[in-house]
Amino acid sequence: MNSGPLQVTDTTLRDAHQSLLATRLRLKDMLPVLEQIDAVGYHSVEMWGGATFDAAMRFLGEDPWERARTIKAHLPYTPCQMLLRGQNLVGYRHYPDDIVERFIVRAKANGIDVFRIFDALNDVRNMAWAMTVAKRVGGHVQASICYTTSPVHTLDKFVALAVELEKMGADSICIKDMAGLITPYAAFELIRHLKARLHVPVQLHTHYTSGMGTSVYLKAAEAGVDVVDTAISSLALGTSQPPTEVLVSMLRGSPRDTGLDLELLAQIARYFADARAKYHKFEGGVAGIDVRVLQYQIPGGMISNLVSQLREQNALNRYEEVLAEVPRVRAELGYPPLVTPTSQIVGTQATLNVLLGERYKVVPEEVKAYVKGFYGRPPAPIDEEVKKRILGDEQPIACRPADLLEPGYEKAAQEIGDLAQSEEDVLSYALFPHIARTFLERRARGEGEEEKVAAIAAAILAQREKKAAIAVPPSPPVSLWKMAGRIGRRWRF
């Protein structure tokens with residue numbers, strides 16, 4: 001059991017604004033505070049992956065690869081971390097193995113140190129290739145377990161899954177509680193059992209949706225968790241993570257004192273409070289605490305999606321009915337954890353069941369693909385009557401879904417042609433053909449944001465180089481899990 005300082009991963013630059021601001025935080029509004037973030041001594045900074053990849057091109061006119069390179073250049077002492085959806089990468093479907101391999105290789109080259117890899121169904125077949133490639137290129141492989149509750153999701157099964165992932169080469173294990181479902185005492189028991197069985201560090205990620213986040217981390221710290229995820233207070237709470245400063249204050253003077261500087265954190269919080277004001281129109285979802293997440297297990301992002309769908313159909317008055325239908329559909333589909341893309345699959349079907357007045361009268365293609373096994377193996381068998389209604393006499397596949405996919409890189413390179421100036425551009429197109437083509441066409445016309453952001457980044461870097469206080473000789477190479485952030489700060493693993 002770890003009884004030394006609790007380490008902290010900062011999520012402000014990825015999950016926090018994805019949860020609270022519809023993933024709209026621009027790179028130019030991150031740059032001015034990166035020097036301070038780098039000085040905190042975080043275990044790592046989660047700054048890429050998830051929805052930030054397509055949102056950068058879709059909404060912000062920014063190149064996600066340029067974002068990764070630029071942030072890494074401004075965080076020389078802090079490991080940079082991304083969220084990677086296994087065979088889905090940063091998308092919403094499975095991609096061929098050659099695309100997965102090239103993406104991870106280029107992600108590492110563009111500044112990603114830690115790869116947090118998960119699969120929405122906890123199907124390790126969908127994680128294995130990504131883990132192998134990330135390991136091969138020298139990345140830290142953090143294999144993640146999607147936490148949820150159901151009759152088939154038991155403590156013993158979570159522990160067995162973690163042990164299997166460690167055997168597959170994981171450098172650390174993350175419990176990914178994407179909906180804020182885990183309770184303090186459930187966290188204590190799970191972490192205690194994991195620490196007794198594993199030989200690698202254990203990290204815990206949760207959201208504040210249910211209001212239990214900070215309490216969860218305190219009990220996890222008592223059980224010996226090595227690292228937890230927090231967000232700076234001005235982008236915390238609600239559907240985001242617990243606030244960093246609160247946890248730092250609560251542990252001060254204890255055996256698990258983080259050692260982080262509250263004054264420096266306060267400066268960062270003030271900066272993001274001002275920055276957040278620019279994005280007020282994108283605020284949405286759960287503003288405070290919504291304990292219904294414990295009953296319906298609906299993540300904050302999914303709640304805002306449901307509201308949006310119902311509003312478009314002039315059916316907002318059916319909201320409570322849809323909420324009640326979600327767990328019923330989830331049970332019939334084999335109790336998938338509700339995280340991208342399964343949350344969208346279950347939520348859409350539940351909405352259709354309610355609005356059409358007949359359950360499974362209309363079944364979207366994504367739901368059919370799920371029942372056919374194209375997203376992986378569900379945690380429990382799918383209800384036979386539902387399966388029969390959706391598939392008829394057709395049988396689901398039994399193999400790893402990606403085994404059925406043809407290589408995709410050369411085809412993507414041929415299709416996008418001269419619009420692609422790099423391998424990264426081809427990969428962006430392979431993942432999101434329409435979005436990337438539109439972005440690359442705008443860039444070719446000189447309409448993107450890249451030039452402005454690059455100029456800002458260059459100016460800030462030049463200013464930093466002039467500061468004697470920053471001119472500290474780099475430390476010798478060490479494991480990411482033995483050193484992070486601040487020079488001279490060594491972690492105890």
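Over the ring of which residue does the charged end of lysine 176 sit? That ring belongs to phenylalanine 118, and its centre is 5.1 Å from the charged end of lysine 176. This is a predicted model. The chain has 493 residues, with 21 helices and eight strands. The points below go from the whole chain to single residues.

**The whole chain**
- Buried residues make up 58% of the chain.
- The accessible surface is about 19400 Å². Carbon and sulfur atoms hold 53% of that surface.

**Aspartate 123**
- Aspartate 123 is in a loop.
- Is aspartate 123 buried or exposed? Its relative accessible area is 3%, so aspartate 123 counts as buried, a label that needs a value under 20%.
- Leaving out residues up to four places away in sequence, aspartate 123 touches Gly376 and Arg377.
- A polar atom of the aspartate 123 side chain lies 2.8 Å from the backbone nitrogen of arginine 377.

**Aromatic pairs**
- How many aromatic pairs does the structure hold? There are 10 aromatic pairs.
- One of them joins tyrosine 147 and phenylalanine 158. The pair is stacked, with 5.3 Å from centre to centre and 25 degrees between the planes.
- The two partners are 11 residues apart. Tyrosine 147 is in the loop between strand S5 (140-146) and helix H7 (155-167), while phenylalanine 158 is in helix H7.
- Tyrosine 147 has a relative accessibility of 9%, so tyrosine 147 counts as buried.
- Phenylalanine 158 is also buried, because its relative accessibility is 6%.
- Ring pairs also build a cluster. Its members are Trp48, Phe53, Trp65, Tyr92, Phe103 and Phe432.

**Charges over rings**
- Where does the charged end of arginine 102 sit? The charged end of arginine 102 sits over the ring of tyrosine 409, 3.8 Å from the ring centre.
- Lysine 176 has its charged end over the ring of phenylalanine 118, at 5.1 Å from the centre.

Technical notes: Residues numbered from 1 in each chain as written. Predicted model: local features only at pLDDT ≥ 70, side-chain atom pairs only at ≥ 80, totals over all residues. Heavy atoms only, no water. Helix = DSSP H or I, 4+ residues; strand = E, 2+ residues; numbered from the N terminus. Buried < 20%, exposed > 50% of the residue type's maximum accessible area, 1.4 Å probe, protein only. Areas by Shrake-Rupley, 256 points an atom, 1.4 Å probe, with all protein chains shown as cover. Polar contact = N/O pair within 3.5 Å; in protein donor to acceptor, adjacent residues only side chain to side chain. Contact = heavy atoms within 4.5 Å. Phe/Tyr/Trp six-rings, centres within 6.5 Å; stacked < 30°, edge-to-face > 60°. Lys NZ or Arg CZ within 6 Å of the ring centre and 35° of its normal.
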